[in-house]
Amino acid sequence: MPNARAGSLVLFGITGDLAKKLLLPALYALERSGELDEPIVGVARSDWDDAALRKRTEEAVGEASGEVDGVVLARLCNRLSYVRGDYADSATFATLKERLGEAAHRAVYYLATPPPVFTTVAEALARAGLNQRSRLVVEKPFGHDLTSARALDAALCCSFDTDKILRVDHFLGKDALAALFALRFANLLFEPIWNAEHVASVQITFAERLDVADRGGFYDSVGALRDVVQNHLFQVLAHAAMEPPDTAAPRAMEAERTRLFSAVRPLARSDLVRGQYAGYRQVDGVKDESTTETYLALRLEIDNDRWRGVPFAIRTGKCLPADLLEVAIALKPAAGVAGLEGPGGQIRLCLEPEGRWRLDYLAKTRGPGMAVVPLHVQGALEASGPLRPAYQVILGDALSGSAAHFPSQASIEQCWRIVDGVLDLDDAPIEYQPGSWGPPEADALAEGGWLAPGLGERGARVAP
Ligand code: BG6
């Protein structure tokens, strides 16, 4: 992608939830850090005007950021204006052109809209001649299976060159993923043991306390596999398991992520346990007989020299007892000296809510004899500094023209390939109680049971 600074930012779907909860607060963060320099136009069908957009921005920023700097917020609001229009109407794009002048030709067009209008907007931009030097940013879901992802890409590529299309997976914008990568490859303590010779199993847990809230209609057509596994958690997997790239350049990183995905064996039905929390079917927009999973646990294998034979397990769910994103590496016991036997060590990485890592190891007890007991050390995953929300990184990159935090079409297709055989299962998911860790049937998917999450104590295995 050409590394040219955009002349303007256009947000389609500015009146929606994504804009309110994530994009507008991210723009405020960019304004505060001095990374914003362009006019911003919001486009949507609602009968709003500039004042309504500014009011929404003030509300959104107030709700998302504890302390608001009034001067920064006013600066952001001054950049904003609103265009009301239908996405299929050429008049909408004529108005945009007029509003932005030359900057419309080197804009970032961000589609925070429902997927059915992605191609409508892309085609209209192309017809208006706004596709030459501009970039198109598309939110997930990028298709709903491998075939539709290819069809969507083909359709978008009729309007924009492929290297001008940025596909958002906001987990790639999380600093914690880069921190995991850095911990692995910057430390001789970790890198040499990060393979099948020394690792017994790997587990990834992404737990959310929240239910599907007011997103019932959207969520019911998607489920946990499409919502967070095929995209977000596979990106976590990639950072935990990829090979070192030649350089940390975006292209090299993405090539290694794609190579990792292409080594993952396709999932079979027996690799999955699906759950649904009690009460889900009563949520607005959810079908009475819905078989959509709000919890998913799976095991997978990576067929490459580093990982062949190591079981990987991923689990995620809504209404679980904690909010966290963790990677746990169970090490094999050391083939050491007789009398020093003990359980294998563990490396646990808490990516969220706070970036920390913990190593459990064996140490000798004081006194005579050579008995060993588990001890641990732990530390921060990142050096201190301002915490950047993922969408600040994504929007910042889109504006500056960096492809660093966007997945390529090739890697998205690989991720769909892995899950393609287990999408749209219509067998009933197992019911679980809100506030529990999901169906106990999922325990059998993790080698030896799931490690108890949280870095407070040694991750005892939950017996299957
Ligand atoms: C979104 C999913 O893509 O990611 C949500 O649609 C999920 O269901 C969210 O809650 C998680 O992202 P984050 O950044 O809040 O961990």
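Predicted model: local features only at pLDDT ≥ 70, side-chain atom pairs only at ≥ 80, totals over all residues.
1. Residues are numbered from 1 along each chain, and side-chain values use heavy atoms, without hydrogens or water.

2. The largest nonpolar core holds 145 residues. Such a core is a set of buried Ala, Val, Leu, Ile, Met, Phe, Trp, Tyr and Cys residues joined through side-chain atoms within 4.5 Å; buried means under 20% relative accessible area with a 1.4 Å probe, protein chains only. Helix H9 (residues 223–241) gives the most, 11 residues. Helices are DSSP runs of H or I, at least four residues; strands are E, at least two.

3. Domain 1 (8–168) and domain 2 (172–462) each supply at least three residues to this core. The domain bounds come from an automatic or database assignment.

4. Phe 12 and Tyr 110 have the most contacts inside the core. Leaving out residues up to four places away in sequence, Phe 12 touches Tyr 110, Val 43, Tyr 87 and Phe 93, among others (contact: heavy atoms within 4.5 Å).

5. The second largest pocket has about 400 Å³ of space. Its lining has 16 residues, and among the closest to the centre are Arg 251 and Glu 254. H10 gives the largest share, 5 residues.

6. Where does the second largest pocket lie? Domain 1 and domain 2 both give residues to its lining, so the pocket lies between them.

Notes:
Buried < 20%, exposed > 50% of the residue type's maximum accessible area, 1.4 Å probe, protein only. 1 Å grid on protein atoms, 1.4 Å probe; cavity = no way out; pocket = protein on both sides within 12 Å on 5 of 7 lines; lining within 4 Å. Points joined across faces, edges and corners; volume = space filled by probe spheres on them.
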